[in-house]
Amino acid sequence: MKVVVTRKIPGNGVKMLQDAGFEVTVGEQDGPMERSKLLETIKGADGVLGQLQDKVNEEYLTAVGSQLKIVANFAVGFDNFDLPALSSHNVIGTNTPDVLTEAVAEHAFALIMAITRRIVEAHKLALTQGSSFGPEVMLGMELKGKTLGVLGLGRIGSRVAEIGKAMGMNVIYYDVKQNPEFEQKVGAEFKATPDELLSASDIVSVHVPLLDSTRHLINADRLKMMKPTSYLINTSRGPVVDEVALVEALKNKTIAGAALDVGETEPKWAPGLVDLDNVVLTPHIASATTEARSAMGELAAENIIEVLSGRPPKTPVKKS
Ligand code: DGY
């Protein structure tokens, strides 16, 4: 059977597929595979190990052919999947939950610390002026005693909440589902609406999937609800934040700063964002640890091996 891995991945995933006896083709290009090349390369595959930039829709599924059994996303998010199209073609979609939780949660905290302690600004200053103590130079904000608002209490949001608690923060959260057990365990407080969370937080960390209901969840009106001293962190999906509205809010000091790992229209940031001092930006690398990315490839490979061997996948995607 034929498996296409649309882009080179770290870890043993490709070897696992080869050892299972499949004929494996791996995309060797630097970036995501260009659409027409992708549609050509996946033709005839029984399984595809794909990237979140690969839109898995009617066009894609028709291009592969009716022998296709599984598309294994190299990501926990699967907003690139057209779920009705997958089910009408009888193709299983899988993702990579759990194995990247720690990496993403730690990156959210790296961003929180970078923006509140002005690490990028300070780094630039250190390069131009050397190291020189000044009583009022680069004053930032401490985390202990501040309120961390976790928007979305899935696996990653829960871990961010735990880390926040360990750092002495008050943790509040909003999710479509209240979780009294988690509240008890971690000492977190539920807020009944995103608006209540936004107005009470010193730091808002976004951890919701991209759905119709979460697109532009953080918009101009909601940014105005945040404290002028507060910070917005996004490691989920770019379109959850209206990036143009965010640029305005950062320019007008509606909020103190933002740190983003994801953009609304990747790979480009909204005009003006990169010129601001009160932002920290990383290029969608929250899960980029050797541990997480290797495990993601291996879990995706395992899903393909299971399905092509006639067994159920370990981590099928579920409609939210
Ligand atoms: C995901 O897994 O959904 C991330 O965005 C990439 O790690």
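Mentor: Happy to! Let's start with helix α7 (residues 155–166) and helix α8 (residues 180–187), whose axes come within 10 Å and cross at roughly 25°. Angles under 35 degrees count as roughly parallel, so α7 is roughly parallel to α8. Please keep in mind that this is a predicted model. The crossing of α7 with α8 is right-handed. On the α7 side, the residues in contact are S158, A161, E162 and K165, and they meet F182, K185, V186 and G187 of α8. Sorted by class, this contact has 3 nonpolar, 2 polar and 3 charged residues.

Now turn to another partner of α7, helix α5 (residues 101–116). The axes of α5 and α7 are 9 Å apart, and the two helices pack at an angle of about 50°. That angle makes α5 oblique to α7. Here, too, the crossing is right-handed, with α5 passing α7. From α5, the contact draws on T101, E102, V104, A105, E106, A108 and F109, while α7 brings R155, I156, R159, V160, I163 and G164. By class, the residues where α5 meets α7 divide into 7 nonpolar, 2 polar and 4 charged.

If you follow the chain back from α5, you reach the loop between β5 (92–94) and α5, which holds D98. D98 is worth a glance on your screen, as its phi is positive, about 70°, although D98 is not a glycine. Another residue of this kind is M138, also not a glycine, with a positive phi of about 55°. You will find M138 in the loop between α6 (119–129) and β6 (147–151). As background, most residues other than glycine have a negative phi, and most peptide bonds are trans. With peptide bonds in mind, look at the one from E266 to P267, which is cis, with omega near 10°. P267 sits in the loop between β11 (257–260) and β12 (279–281).

Let's finish at the ligand. Around the ligand you will see L52, A75, V76, G77, L100, R237, H284, S287 and M296. From the backbone, an N or O atom of G77 lies 2.8 Å from an oxygen atom of the ligand. From side chains, a polar atom of H284 is 2.6 Å from a ligand oxygen atom, and an N or O atom of S287 is 2.5 Å from an oxygen atom of the ligand.

Note on methods:
Residues numbered from 1 in each chain as written. Predicted model: local features only at pLDDT ≥ 70, side-chain atom pairs only at ≥ 80, totals over all residues. Heavy atoms only, no water. Axes fitted to C-alpha atoms, helices over the stretch in contact; angles between N-to-C directions. Helix = DSSP H or I, 4+ residues; strand = E, 2+ residues; numbered from the N terminus. Parallel < 35°, antiparallel > 145°, perpendicular 65-115°, else oblique. Left-handed = near helix turned anticlockwise from the far one by under 90°. Contact = heavy atoms within 4.5 Å. Nonpolar A, V, L, I, M, F, W, Y, C, P; charged D, E, K, R; others polar. Near = heavy atom within 4 Å. Polar contact = N/O pair within 3.5 Å; in protein donor to acceptor, adjacent residues only side chain to side chain.
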